[in-house]
Amino acid sequence: MIAKSSITGRAMPLFLDDVDTDALYPARFYTLPGGFDQALFADWRCQADGTPKPGFPTNDPRYDKANILIAGRNFGCGSSREHAPWALSDFGFRAVISSDIADIFKSNAQKNGFLPVEVNEETHKKLLASPGAEVTIDLENCEVTFGDGEKGSFPIEAFARRCLLDGVDPLGHLL
């Protein structure tokens with residue numbers, strides 16, 4: 001894991017609510033050798049023959065190299081699947097921001113060095129209305145900065161925050 005006190009980058013919007021872990025990482029890819037990024041949003045991102053679906057944000061050149069995902073409400077719901085944050089990380093994302101992130105996904109993400117950020121509805125709406133904008137997530141101060149310096153705060157459990165800042169998982173912290 002890499003210690004991180006802040007993440008700055010381009011934001012890619014995902015205008016979908018209730019994105020479950022099976023959409024993030026379909027179960028049929030569990031035996032896939034190699035990078036988890038190949039399976040990320042596979043059913044939404046790719047056509048049956050594997051070619052990119054036009055119109056899906058990961059296939060849009062405006063979001064090339066985006067490393068922050070702005071997701072709809074109830075992101076990461078469904079079964080516990082560590083593959084989901086692994087796939088997001090392998091694809092190049094370092095954080096997801098939403099107004100509501102499922103607890104199991106949030107826990108799996110934090111334990112694997114991926115930053116889930118929950119902001120209030122007002123901040124969430126403004127972020128979704130600014131696709132492709134540069135966003136900075138300051139983990140030290142628990143703030144998101146975007147647009148013309150607009151800021152929003154976010155809560156994060158103290159132990160998870162400490163582990164992310166130090167670049168260790170919970171076991172590494174204990175050791």
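Biologist: Which helix holds Trp44?

Modeller: Trp44 sits in helix H2, residues 42-45. Helices here are DSSP runs of H or I with at least four residues, strands are runs of E with at least two, and both are numbered from the N terminus. This is a predicted model, in which local features need pLDDT of at least 70 and side-chain atom pairs count only at pLDDT 80 or more, while totals for chains, interfaces and linings use all residues. Residues are numbered from 1 along each chain as its sequence is written, and side-chain values use heavy atoms, with hydrogens and water left out.

Biologist: What is the relative accessible area of Trp44?

Modeller: The value is 30% for Trp44, so Trp44 is partly exposed. Buried means under 20%, exposed means over 50%, and partly exposed lies in between, using a 1.4 Å probe and protein chains only.

Biologist: Which residues does Trp44 touch, not counting those up to four places away in sequence?

Modeller: Trp44 touches Leu16, Val19, Ala23, Lys53 and Phe56. Contact means heavy atoms within 4.5 Å. Trp44 and Asp17 are 27 residues apart along the chain, and their C-alpha atoms are separated by 14 Å.

Biologist: Where does Thr136 lie, and what is it in contact with?

Modeller: Thr136 belongs to strand E5, residues 134-138. Setting aside neighbours within four places in sequence, Thr136 is in contact with Ile7, Thr8, Glu143, Val144 and Thr145. Thr136 is partly exposed because its relative accessible area is 22%.

Biologist: At what angle do helices H3 and H4 pack?

Modeller: H3 (residues 83-91) and H4 (residues 103-111) pack at about 55°, with their axes 8 Å apart. That angle makes H3 oblique to H4. Axes are lines fitted to C-alpha atoms, for helices over the stretch in contact, and angles run from 0 to 180 degrees between N-to-C directions. Under 35 degrees counts as roughly parallel, over 145 as roughly antiparallel, 65 to 115 as roughly perpendicular, and the rest as oblique.

Biologist: Which residues make the contact between H3 and H4?

Modeller: H3 brings Ala84, Pro85 and Leu88, and H4 brings Phe105, Asn108 and Ala109. Sorted by class, the contact has 5 nonpolar, 1 polar and no charged residues. Ala, Val, Leu, Ile, Met, Phe, Trp, Tyr, Cys and Pro count as nonpolar, Asp, Glu, Lys and Arg as charged, and the others, Gly among them, as polar.

Biologist: Which residues of H3 are buried, and what do they pack against?

Modeller: The buried residues of H3 are His83, Ala84, Pro85, Ala87, Leu88 and Ser89. They pack against H1, E2 and H4. Take His83 from that list: its relative accessible area is 19%, so His83 is buried. Beyond neighbours within four places in sequence, His83 is in contact with Tyr25, Tyr30 and Phe36.

Biologist: Which residues of H4 are buried?

Modeller: In H4 these are Phe105, Lys106, Asn108, Ala109 and Gln110. Their cover includes H1, H3, strand E3 (95-98), strand E4 (115-118) and helix H6 (158-166). Phe105 is in contact with Leu24, Phe75, Gly76, Ala84, Pro85, Leu88, Val96 and Phe114, leaving aside neighbours within four places in sequence.

Biologist: In the largest nonpolar core, which residues touch the most other members?

Modeller: A nonpolar core is a set of buried Ala, Val, Leu, Ile, Met, Phe, Trp, Tyr and Cys residues joined through side-chain atoms within 4.5 Å. The largest one has 28 residues, and Leu24, Phe41, Leu69, Phe75, Leu88 and Phe105 touch the most other members. Two or more residues come from each of strand E1 (6-14), helix H1 (21-24), strand E2 (68-71), H3 and H4. H3 gives the most, with 3 residues. A second, separate core has 21 residues, including Ile7, Ile70, Leu115 and Leu139.

Biologist: What is the phi of Phe41?

Modeller: Most residues other than glycine have a negative phi. Phe41 is not a glycine, yet its phi is positive, about 50°. Phe41 lies in the loop between H1 and H2, and counts as buried because its relative accessibility is 0%. Asp18, also not a glycine, has a positive phi near 60° and lies in the loop between E1 and H1.

Biologist: Which glycine follows H3, and which comes just after H4?

Modeller: Gly92 follows H3, with a positive phi near 120°. Just after H4 comes Gly113, with a positive phi of about 80°.
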